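Hello,

Here is the structure I promised to pass on. Please open it next to this message; my notes follow below.

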Amino acid sequence: MPRVLPSQVIAYLSIGNRPRNITGAGRSVLISALTSGYLSGLVRLIEEIPNEYITISGSDYANLIFSVESIKNAVEHWRPGQSMALQPHSGMDLLELIHAALVKCPDAVPSPTTTELPFVDDEEMRKSIRVDLSSAASALRNGEWKAATVLAGSVCEALLLWAIPKAKDYDPQEIKDPRGNYCAPENLELAAFIDRASALKIITTGTRDIAHRARNYRNLIHAGRARRLAQDCDRASALAALAAAESIIRNLKMASEAADGLTLTDAQLASDASQYAKK
């Protein structure tokens with residue numbers, strides 16, 4: 001079943017998509033042979049929005065539920081030849097109330113099982129990265145290998161870009177592009193991100209190796225490279241990219257516990273090294 005987003009219902013509610021004469025005197029919503037199908041469709045669309053996308057509360061949520069249930073009940077009891085009028089509530093017609101509620105709901109939210117990122121101190125960035133991580137996992141479940149690979153790779157890049165300047169021994173003068181010129185961290189390629197993060201002890205050598213393998217897979221989004229290597233994104237590439245993202249998150253959680261900068265301790269590095277040696 002296709003996923004319904006709040007913005008799609010908002011578009012459905014737009015004036016241009018509404019039947020003529022759907023509203024009457026006193027801002028009432030009219031149910032008739034001309035409007036019953038539209039209103040039934042509206043109710044069904046709203047009911048198919050995933051619960052996690054309905055992020056409103058209080059009066060907004062109450063108005064949404066009241067409006068949807070009022071329309072649903074009225075349409076169920078309406079009979080051909082009849083004309084029913086649903087009166088406004090809280091000074092607005094029911095369609096306006098639904099629109100006002102849904103416009104506050106996002107089209108993308110992380111699933112409840114998505115790994116938390118408590119160490120990221122920028123709230124908007126934290127939300128954005130978790131949305132991408134959740135979308136990558138969802139794409140993996142749906143067999144959308146390329147989407148999963150690309151999204152998980154973007155999570156790796158975003159996390160390392162955030163983390164590198166916070167490392168204990170970070171020196172902006174050491175950030176150089178492939179030509180040896182100084183540059184901002186955001187201008188580095190993913191391979192340089194990974195190596196710099198490892199050198200700064202933000203991630204372990206085990207995570208570095210996992211991330212490099214994922215980086216090689218992510219390069220396959222470029223058609224020319226994919227043809228040259230006779231490869232394409234598949235389940236392996238998606239799993240590799242998600243493994244890299246989760247490994248980076250695990251390391252950053254540990255590194256964030258340091259008192260003097262985002263850095264893994266020698267004990268943590270040694271523990272990781274021994275763990276991978278066993279494998």
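A cut-off to start with: a residue counts as buried when its relative accessible area is under 20%, and as exposed when that area is over 50%. Keep in mind that this is a predicted model.

Take Ile 129 first. It sits in helix α5. Its relative accessibility is 4%, so Ile 129 counts as buried. What does Ile 129 touch, not counting residues up to four places away in sequence? The list is Leu 117, Val 155, Ala 158 and Leu 159. Ser 154 is also worth a look: Ile 129 and Ser 154 are 25 residues apart in sequence, yet their C-alpha atoms are 8.5 Å apart in space.

Now the cores. The largest nonpolar core has 42 residues. Phe 119, Leu 159, Ile 202 and Leu 252 have the most contacts inside it. Five helices each supply at least two residues of this core: α5 (123-141), α6, α7, α8 (205-218) and α10 (235-255). Helix α10 gives the most, with 9 residues.

Leaving aside neighbours within four places in sequence, Phe 119 is in contact with Leu 159, Trp 162, Ile 249, Leu 252, Lys 253 and Ser 256. Another core lies apart from the largest one. This other core has 32 residues, including Val 29, Ile 56, Leu 102 and Val 109.

Next, a helix pair. Two packed helices are described by the angle between their axes and the distance between the axes. For α5 and α10, the axes come within 10 Å and cross at roughly 150°. Angles over 145 degrees count as roughly antiparallel, so α5 is roughly antiparallel to α10. The crossing of α5 and α10 is left-handed.

Which residues make the contact? From α5 come Leu 133, Ala 136, Ala 137 and Leu 140. From α10 come Arg 235, Ala 238, Leu 239, Leu 242, Ala 245, Glu 246 and Ile 249. The residues of this contact divide into 9 nonpolar, no polar and 2 charged.

Last, a loop residue. Glu 174 lies in the loop between α6 (145-163) and α7 (190-199). Is Glu 174 buried, exposed or partly exposed? Its relative accessible area is 39%, so Glu 174 is partly exposed. Glu 174 and Arg 196 are 22 residues apart in sequence and 9.2 Å apart in space, C-alpha to C-alpha.

Best regards

Note on methods:
Residues numbered from 1 in each chain as written. Predicted model: local features only at pLDDT ≥ 70, side-chain atom pairs only at ≥ 80, totals over all residues. Heavy atoms only, no water. Helix = DSSP H or I, 4+ residues; strand = E, 2+ residues; numbered from the N terminus. Buried < 20%, exposed > 50% of the residue type's maximum accessible area, 1.4 Å probe, protein only. Core = buried A, V, L, I, M, F, W, Y, C linked by side-chain atoms within 4.5 Å. Contact = heavy atoms within 4.5 Å. Axes fitted to C-alpha atoms, helices over the stretch in contact; angles between N-to-C directions. Parallel < 35°, antiparallel > 145°, perpendicular 65-115°, else oblique. Left-handed = near helix turned anticlockwise from the far one by under 90°. Nonpolar A, V, L, I, M, F, W, Y, C, P; charged D, E, K, R; others polar.
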